[in-house]
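The briefing below is arranged by topic and is meant to be read beside the coordinates.

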Amino acid sequence: MESSLFNRLQATLLAVATASLIVLAVLNLRQERQFQQPDDGVWWREVAGGLEAERVLPGMPGQRAGIQAHDLLTEVNAGHADTIIVHLSDLERTLYRTGSYGQADYTITRDGIPLDAPVKVIPVPLDRSLGQAQRVIGLIYLAIGIYVLFRRWTAPRATHFYLFCLVSFALFTLKYTGELDALDWTVLWSNVLAECLQPALFLHFALSFPEERFKQIRRVWLLPLVYAPGAAMLGLWLWTIGTRQATGLLLHRLNQTATAYDAAFYVLAALLFLRSYSRADSPLLRQQLKWVTRGTLLAVLPFTFFYAVPYLLDLHPPTLLTNIAGLSLVFLPLTFSWAIVRYRLMDTDLIFKRGVAYTLATGLLLGVYFGAIALIAVFVRHGLPQAAQEWGLGISFVAFAMIFDPLKRRIQGWVDKAFDRHRYDYRKALVEFGRGLSSETDLQALLGSIVEQLPRTLLVARVAVFMTGASGRLRLAASHGLPAEIGAAPNRSGPDALALGFLDFDQAVDHSHIFLENAQAAVHLPPDEQLTAALLDLNYYLPCRVQDGSDARTIAVIGLGRTIGGDFLSSEDVELLESLASYIGIALQNASLYARLQVKIAEFERLKEFNENIVESINVGILALDLEDRIESWNAQMEAMYALSRAEAIGQELSSVFPEEFIDALEGFRNEQGVHHLYKFRLTTRAGEQRTANIAIAPLLSRDFVSVGRIILVDDITERVSLEAQLAQTDKLSSIGLLAAGVAHEINTPLAVISSYAQMLSKQLRGDERLGPILDKIIQQSFRAAEIANGLLNFSRTSTTEFRETNLNQVIRDTLSLLEHQFKTAQIVVDLNLAEELPAIHGNSGKLQQVFLNLLLNAKEAMPGGGSLRVATQVNGHVEALIADSGSGIAPEHLKRIYDPFFTTKTTPKPGDRRGTGLGLSVSYGIIQEHAGKIHVESAVGAGTTFHLEFPLLRKSVHV
């Protein structure tokens, strides 16, 4: 929590400081444009009696007016006011009052003799081109600092480096104009503070980079000692301005002190880098510090010897040389910015190359910029009003911004080619090779491509690829340039096996690679691993990791030796390989998984086909629903049962497929746990067919036992229910048959006695009008009782009638001929539609005629007012007969009982009709069962009744 608060506070302070300095720099530049400091082009030195001309710049107002070196300036007349000149500040105040392009009369003493006439000097604006160049350097410092900070905020010393760049930005960008108002004083003190801090920050950076020396020395006084000279410089400025009179000599001495301070700290920092480089105890560390030290020396030495030393000794080397020496400090941010971003550095010739590229680009652009400024200045002075100068400068800045990036890129490419030569194109090829690795799915071909491409691209002598085997241990999978005994037996076991335990990157996931400076003397490894490292003679080992959930897993290791020339790889090469290792790891994993995936796919397809065959072959309808009751699965049995294809059913809502009563039944179980059943549920299909099914509803669970839907099993038991009903009917008839046999046996004898005696009495009392009708009724009812008893005997008697080949059409025609007269009398139209060439059945024509007679008479009695009667036969895997009338129909509550013995609805027959016995359909049902057939009825009240009779086809014997 405290660290987070500190980071936020630090970021806020840096942001405020950066924004404040940028605003101050913009205001300073604007004030400089508005206030032109006049300059006479003479370097004056304070002496007794006035100012002595130390140097007269060629082409400047002083030279044009005739001032010579060693002339003594004693008085200046500007605007009819004479000013005695004692200090340099007197001259500057006078020139400020005169302004640029005004006239000032100098009173000059030459060789001790005053000149007769004053020298007329017309001051011009001070040449600020060097200051503008320094502003560009300051902007470079700021841009690089911001880039480094945003690129690697958490990197060691990144904040320190940014603070160094920010202070350098203030040092090179803020220039006081001489107007000395509040803004100018703020600029002055900001510049002084930056000048005091910048060398100390750079030395502090040198002490901390590349390793923290404060922790090693453990002396708390070292850090204050680094910043003490800067604090002393700031105190000196405060004391001087607060107590001393402003003179040119005093300002010169302060500038000399500041320059000495800068040069001393710069040189000390360079010596620290040089010392770290010389004391590096490994080739890798020396390679890291080689170009960092050289880059620092390239910046510090020109500044020290061609700018600081001459200035301290009051020497006057050529202006161009001192300007170039001052601008050489731009190497510092350019060199170290890349080091901070990479920090591990590897060999930092890359840093130097970047520094060279940026420096060359900056130098070229500065040349273009100064050339453009010079041309604009000439153009403005001779042909344009002064206001146009600002437009010219603005255009220069725009052009500078536009051409910097493409020019820098072009120079970067030139430098890369100059430093890398033949390796430049190979690196590009390696990047393309890494991107195309995933397209190769054959593991051996992929390994061969890797060990072939890497040596050719990086010019290394040895390459090896180690892969994790089934046991989890690394094995040598492919190699290039290794000794023959290793390449011949890469998978040796036992005492001769390669000890590759030091390549266990999974135990140290923070290691991006392993570097062995001397593979022949890896003393930090166990003895067996030392032998393996010496035998392999590889210097770099890079893990090929793949992401396994939240962890990274190493599936292979790439080993590389030195280059063919015996050099180590550069940091760019190693970083490129680290990036490439991830591509190689993914490619190797893909290739390994691809083969296993093919096996798994084949196994999965087989299991899938097996499971689908089970689901499709089972004689139960299966459908699966998601949580929104949409159909996800629909097997073949459901297709047959519900007359709806799988393609039509998948994706539909359950309510759009099944009837409302089924949906309501399922809704009752929605919030209940477990498996639920609906027994003998009446299900209406989309075709309107009534089916009876046992339905089971169970939750569909995932591996985590989370409900993802429901599964419904529909067992169509329509045929089973029908068979059960027939079986029950058969059992019932069997029982009744036994009862009928007993009843018939017991009743026939008393009925015969009653009938005989009644007939005898009837003959004796034939003329008796009172008793004769009574005896007739007794005789009539006894005959009816005998008829019933005989019917029961016929129903219960086991027939021994012979079954033979029977033509069902002929049986129907014979039966209709018996009833033809009755149908005409009852006004019933018969529609006879018998199939031609109807196959014969195995049956008894007499019993079948009794069946059709009962059905036709029932149809006639159901149409008392006449109607239509349709009789038809057809072949549909069996022989089927159909009898359909247009009568009154059968009530639904009676349909289940029509085959019960003695059940009749003719309890009150109409005149001319007979009273039903309730045995006609029962006897017919028994005859149909005797013929191994089926009978079922369809009826609706007021719409008629249809009887379907089915008989199996006759199976004829085949004689061989």
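In the hairpin of strand 15 and strand 16, which has five residues between the strands, D629 takes a positive phi near 60°. Strands, like helices, are DSSP runs numbered from the N terminus, with at least two residues (E) for a strand and at least four (H or I) for a helix. This is a predicted model, in which local features need pLDDT of at least 70 and side-chain atom pairs count only at pLDDT 80 or more, while totals for chains, interfaces and linings use all residues. Residues are numbered from 1 along each chain as its sequence is written, and side-chain values use heavy atoms, with hydrogens and water left out.

**The hairpin and its salt bridge**
- Strand 15 (residues 621–625) and strand 16 (residues 631–634) run antiparallel and are joined by three bridges, where pairing of two strands requires at least two bridges found by DSSP.
- Within this pairing, L623 has W634 in strand 16 as its bridge partner.
- D629 also forms a salt bridge with R710, with the closest N and O atoms 3.1 Å apart; the term requires a side-chain nitrogen of Lys or Arg within 4 Å of a carboxyl oxygen of Asp or Glu.
- Because R710 lies in strand 19 (residues 707–716) and D629 in the loop between strand 15 and strand 16, the pair ties together parts that are 81 residues apart in sequence.
- D629 is buried at a relative accessible area of 14%, and R710 is likewise counted as buried at 13%; buried means under 20% relative accessible area, exposed over 50%, and partly exposed in between (1.4 Å probe, protein chains only).

**Other salt bridges**
- The count of salt bridges comes to twelve, and E628, R630 and E653 are linked in a network of them.
- The side chains of D71 and R110 meet at 2.9 Å, N to O.
- D71 lies in the loop between helix 2 (61–65) and strand 4 (72–77) and R110 in strand 6 (residues 104–110), so this pair ties together parts that are 39 residues apart in sequence.
- R45 and E52 form a further salt bridge, also given as 2.9 Å from N to O, in which R45 is partly exposed at 39% whereas E52 counts as buried at 17%.

- An open sheet of five strands has the order 11-10-14-13-12, with antiparallel pairing, and its edge strands, strand 11 (474–480) and strand 12, each pair on one side only.
- Nine bridges join strand 13 to strand 14 (residues 551–560), and L542 stands opposite I558 in strand 14.

**Aromatic pairs**
- The structure holds 15 aromatic pairs, defined by ring centres of Phe, Tyr and Trp (its six-membered ring) within 6.5 Å, with planes under 30 degrees apart counted as stacked, over 60 as edge-to-face and the rest as tilted.
- The rings of F515 and Y540 have centres 5.0 Å apart and planes at 50°, so this pair is tilted.
- The pair links distant parts of the chain, with F515 in strand 12 (residues 514–515) and Y540 in strand 13 (residues 540–548), 25 residues apart.
- One aromatic cluster is formed by Y141, F164, F172, F202, Y266, F303, Y307 and Y311.

**Whole protein**
- The protein has 28 helices and 26 strands, and buried residues make up 43% of its 960 residues.
- Among contacts (heavy atoms within 4.5 Å) between residues at least 6 apart in sequence, 64% join residues at least 24 apart.
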